Amino acid sequence: MSRLTIFEDKAPGQPVLRTEDGDTIARELAAIGVRFERWESPVALSPDDSADTILEAYRPYLDRLMGENGAGSADVIKITEATPNKDALRQKFLSEHTHTEDEVRFFVHGQGSFILHLNGRVYDAHCTQGDLIAVPTGIKHWFDAGETPFVTALRVFTDTSGWVAHYTGDDIADRFPAA
Ligand SMILES: [Fe+2]
């Protein structure tokens, strides 16, 4: 179930809002410039399907999305318990950072939390299958799919250099484990 938990950034553990309602999640995130949508899957895909099959199934959605934000490419990232460098991958995005382009992700399978930090608040967006999220350039955030990750996501991007995490040096992520 998708979930949004909002905290004051000085008060971990004391949510000011917690909701699993898709429309409320979308509205709260839209207020801070973050796009969130729940998509109906056009086909039933298996976690074992190839990247090409997944891209093909979502092609019409991807074309629309790329047209809207001007991104030129899309690919598929899959991380599971069996991914050899899963711990290193997790660490890479577990501290507060920004990117030089929008981070656009669609959850084909599994789950993960984008935790955003702005305006004195922390927004923990726990995304699950069928969720689209677009974190705008420059918004401070971190990402966690947990110690035993299971996630297949579409990435929409212009240049892979945009994936590089620019760390803020703030240790806030240590105080806000994914809710
Ligand atoms: Fe990121």
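This is a predicted model: local features need pLDDT of at least 70, side-chain atom pairs count only at pLDDT 80 or more; totals for chains, interfaces and linings use all residues.

Serine 46 sits in the loop that runs between β3, residues 35-38, and α2, residues 51-57. Is serine 46 buried, exposed or partly exposed? Its relative accessibility is 28%, so serine 46 counts as partly exposed. The side chain of serine 46 reaches the backbone nitrogen of aspartate 48, at 2.9 Å. Histidine 109 is 63 residues away from serine 46 in sequence, and the C-alpha atoms of the two are 8.4 Å apart in space.

Proline 15 is another loop residue, placed between β1 and β2, where β2 is 17-19. With 40% relative accessibility, proline 15 counts as partly exposed. Setting aside neighbours within four places in sequence, proline 15 is in contact with Thr5, Ile6 and Phe7. From proline 15 to alanine 179 there are 164 residues in sequence, yet 9.6 Å in space, C-alpha to C-alpha.

Now a loop residue with a backbone angle to look at. Most residues other than glycine have a negative phi. Asparagine 119 is not a glycine, but its phi is positive, at about 55°. Asparagine 119 belongs to the loop between β6 and β7. Its relative accessible area is 65%, so asparagine 119 is exposed.

Next, the inside. In soluble globular proteins, nonpolar side chains tend to be buried together. The largest nonpolar core here has 24 residues, and Leu29, Leu116, Tyr123 and Ile133 touch the most other members. At least two residues of this core come from each of β1 (3-8), α1 (22-30), β6, β7 (121-128), β8 (131-135) and β10. Which element gives the most to this core? That is β6, with 4 residues. Leucine 116 is one to click on: leaving out residues up to four places away in sequence, its contacts include Leu29, Ile32, Val34, Tyr123, Val135 and His141. Apart from this core lies another, of 19 residues, among them Ala74, Phe106, Leu132 and Leu154.

Histidine 141 is in strand β9. Is histidine 141 buried or exposed? The relative accessible area is 1%, so histidine 141 is buried. Its side chain makes a polar contact of 2.8 Å with the side chain of glutamate 103. The side chain of histidine 141 also reaches the backbone oxygen of isoleucine 139, at 2.8 Å. Among the other residues that histidine 141 touches are Ser95, His97, His99 and Phe114, not counting residues up to four places away in sequence.

That brings us to histidine 97, in strand β5, residues 97-98. Histidine 97 has 1% relative accessibility, so it counts as buried. A polar atom of the histidine 97 side chain lies 2.9 Å from the backbone oxygen of serine 95. Tyrosine 167 is 70 residues from histidine 97 along the chain, while their C-alpha atoms are separated by 4.2 Å. Outside four places in sequence, the contacts of histidine 97 include Glu103, Trp142, Ala165, His166 and Thr168.

Alanine 145 and glycine 70 are 75 residues apart in sequence and 27 Å apart in space, C-alpha to C-alpha. Beyond four places in sequence, alanine 145 touches Gln111, Gly112 and Val151.

Last, empty space. Rolling a probe the size of a water molecule over the atoms shows where it is left. The largest pocket holds about 460 Å³ of space. How many residues line the largest pocket? The lining has 25, and Ile77, Ile79, Leu89, Phe93 and Phe143 lie nearest the centre. They divide into 14 nonpolar, 2 polar and 9 charged. Elements giving at least two lining residues each are β4 (73-79), α4 (86-92), β6 (103-118), β9 (140-144) and β10 (151-157). Of the contributors, α4 gives the most to this lining, with 5 residues.

That is the tour.

How values were computed. Residues are numbered from 1 along each chain as its sequence is written. Side-chain values use heavy atoms; hydrogens and water are left out. On a 1 Å grid over the protein atoms alone, a cavity is a set of points where a 1.4 Å probe fits but cannot get out, and a pocket is an open set with protein on both sides within 12 Å along at least five of seven lines; lining residues have an atom within 4 Å of a point. Grid points are joined across faces, edges and corners, and a volume is the space filled by probe spheres set on the points. Ala, Val, Leu, Ile, Met, Phe, Trp, Tyr, Cys and Pro count as nonpolar, Asp, Glu, Lys and Arg as charged, and the others, Gly among them, as polar. A nonpolar core is a set of buried Ala, Val, Leu, Ile, Met, Phe, Trp, Tyr and Cys residues joined through side-chain atoms within 4.5 Å. Buried means under 20% relative accessible area, exposed over 50%, partly exposed in between (1.4 Å probe, protein chains only). Contact means heavy atoms within 4.5 Å. A polar contact is a pair of N or O atoms within 3.5 Å; within protein, one must be able to donate a hydrogen and the other to accept it, and residues adjacent in sequence count only if both atoms are side-chain atoms.
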